[in-house]
Amino acid sequence: MKVLITDKINDMASDIVKDVAEADNLPTMSEDELCEIIGNYDALLVRSQTKVTKKIIEAGKNLKIIGRAGVGVDNIDLNAATEHGIIVVNSPDGNTHAAAEHTVALMLSMARNIPEAVSSTKAGNWERSKFTGVEVFGKTLGVIGFGKIGQHVAHVALALGMNLVVHDPYTTKEFVEKFGGKYAENLDDFWAMPDFITIHTPKTPETTHLINKNTIAKMKDGVRIVNCARGGIIDENDLKDAIESGKVASCAIDVFEDEKNIQGCVLREFGKNVLLTPHLGASTSEAQINVALDVAQQVKDVLSGGNATSAVNIPSLKPQKLEPVRDYMSIAENIAQMAAQICKGNLKNIEIEVKGTLADLDVSPLEVAVLKGVLSTNLVGVNYVNAPIIAKNREINVTVKKSHQTTDYIGSISVKLDCDKGGAEVSGAMIAEDIKRIVKLNDYNTSIKPEKFMLLVPHVNKPGMIAQVATVLGTDNVNISRMQVVQKSGKQASLDEKSMMIINTDNEVNEETLSKISKIDGIYEAQFVKLNI
């Protein structure tokens with residue numbers, strides 16, 4: 001395998017990936033230049049200079065993962081990557097301290113007019129009264145976005161004696177209050193509270209121009225604003241007007257709407273009440289090393305068959321969501337594969353039901369695992385990245401149900417497929433730590449280990465059936481590694497009732513052997529199932 005590293009990423013990244021792939025460190029290239037060579041690579045590592053466009057992604061026939069050494073992924077076409085099943089990872093934690101420290105530095109510099117005072121003093125002036133500032137002690141800091149950077153800034157602010165108010169739809173009131181702040185569930189309630197506002201959110205359609213003339217009008221008179229997150233979250237023209245009117249006392253901005261044309265930024269015309277820096281949030285020696293090491297390790301893990309820890313285009317597999325249900329991921333995929341192989345006709349609906357302790361958790365990762373298992377049965381190239389997209393494009397309806405109903409297992413998951421010629425339902429559970437079992441197959445209760453090769457033989461419950469099937473398998477050189485005979489759930493099997501043999505085999509069962517088994521008197525249609533194990 002081969003990895004392309006560009007944009008002057010620290011050389012330590014090459015040392016990490018070299019155990020699993022050959023790494024090429026090349027300068028930043030144009031779109032056409034990248035398109036010429038990207039087909040030779042399994043992974044691409046970039047910073048912000050390289051624009052990973054749809055054209056580049058389509059040319060990257062072997063690409064499995066794209067790593068962004070930093071937080072923002074604005075320079076990567078996420079939709080194109082997702083459609084092509086390519087994981088996109090970033091380094092959300094590598095520059096946490098650097099970005100938080102720069103935020104605090106800008107806030108204090110803005111409050112005390114430090115940059116202008118430095119320039120004045122160096123010019124030989126002594127203008128103490130001109131640069132009188134304000135204290136942050138006792139003031140309220142409003143934090144929009146309470147991820148790791150926002151939390152780190154909040155820690156420092158509390159240590160400085162500031163009050164804290166937080167708005168973040170992805171955190172909870174209990175968490176913020178335990179942290180030491182006040183939680184504002186609605187932005188309309190938030191705007192009037194802070195004396196200082198700092199932003200720590202990604203740029204999305206929802207956050208673009210989040211701060212504009214309408215929201216500024218709801219703020220305190222004389223509010224001070226810091227943005228070290230992403231350019232475009234603040235409408236720079238509206239901020240300019242607010243500074244001119246005095247509504248906003250001052251601002252400190254590290255990121256801009258058009259960083260390629262900083263000459264055109266309308267905020268440049270202001271003096272001491274506007275502090276501008278050239279996107280320095282992550283510009284420390286330590287941060288540059290940390291983000292390089294982070295994404296390089298994720299690339300290494302993915303190319304080795306493992307999982308990424310910060311996949312931005314698989315939100316359901318973020319560590320905080322994945323960890324509580326990780327043990328159930330493989331059994332969810334396995335039962336989905338089995339259900340897809342035993343149902344008949346075109347798939348219309350997928351119903352997922354979780355019971356027991358799983359009902360209290362976010363099971364979106366298990367939904368992705370089920371989709372991958374179902375779709376990979378008939379399609380090539382399905383993975384955790386593109387499975388939801390493929391299901392949506394094929395208009396497959398997916399519903400998830402949760403039940404606290406008491407079962408024989410701590411937690412269980414069922415997959416029910418609705419197909420136009422006959423459905424299927426398979427359930428799985430953990431019966432002990434690291435012990436996964438298929439516990440229901442249509443109307444049959446069972447407890448069998450999911451293995452790569454499995455043979456399902458519905459039959460009349462009468463003597464001699466097992467021996468006849470075993471004879472056919474033995475004659476055709478198919479070894480039985482494990483076997484179980486089950487009856488329909490909730491009933492006492494009678495001699496003429498249908499039972500089922502579930503047989504684990506050491507090798508594949510071909511169509512000829514299946515045909516022989518199906519022709520045995522008392523045997524219904526035998527089915528062979530192959531799982532990705």
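Modeller: Please keep in mind that this is a predicted model.

Colleague: Why is S414 called buried?

Modeller: The relative accessible area of S414 is 10%, and buried means under 20%, so S414 is called buried. Leaving aside neighbours within four places in sequence, S414 is in contact with I335, E351, I352, E353, E425, V426 and S427.

Colleague: What makes the pair S414 and S427 a polar contact?

Modeller: The side chains of S414 and S427 are joined at 2.5 Å, and the cut-off for a pair of N or O atoms is within 3.5 Å, so the pair counts as a polar contact.

Colleague: How do you know that β3 and β4 are paired strands?

Modeller: Strand β3 (residues 43–46) and strand β4 (residues 65–68) are joined by four bridges and run parallel, whereas pairing requires at least two bridges, so β3 and β4 pair.

Colleague: Why is β7 described as largely enclosed by the rest of the structure?

Modeller: Strand β7 (residues 163–167) has five residues, and four of them are buried, so the strand is largely enclosed by the rest of the structure. Its parallel partner is strand β6 (residues 140–144), to which β7 is joined by five bridges; in β7, H167 is the bridge partner of I144.

Colleague: What describes the packing of two helices, and which values apply to α14 and α15?

Modeller: Packed helices are described by the angle and the distance between their axes. For α14 (residues 329–342) and α15 (residues 364–375), the axes come within 7 Å and cross at roughly 35 degrees, and the crossing is right-handed. The residues that meet include M329, A332 and A336 in α14, and P365, L366 and A369 in α15. By class, this contact has nine nonpolar, two polar and two charged residues.

Note on methods
Residues numbered from 1 in each chain as written. Predicted model: local features only at pLDDT ≥ 70, side-chain atom pairs only at ≥ 80, totals over all residues. Heavy atoms only, no water. Buried < 20%, exposed > 50% of the residue type's maximum accessible area, 1.4 Å probe, protein only. Polar contact = N/O pair within 3.5 Å; in protein donor to acceptor, adjacent residues only side chain to side chain. Contact = heavy atoms within 4.5 Å. Helix = DSSP H or I, 4+ residues; strand = E, 2+ residues; numbered from the N terminus. Axes fitted to C-alpha atoms, helices over the stretch in contact; angles between N-to-C directions. Left-handed = near helix turned anticlockwise from the far one by under 90°. Nonpolar A, V, L, I, M, F, W, Y, C, P; charged D, E, K, R; others polar.
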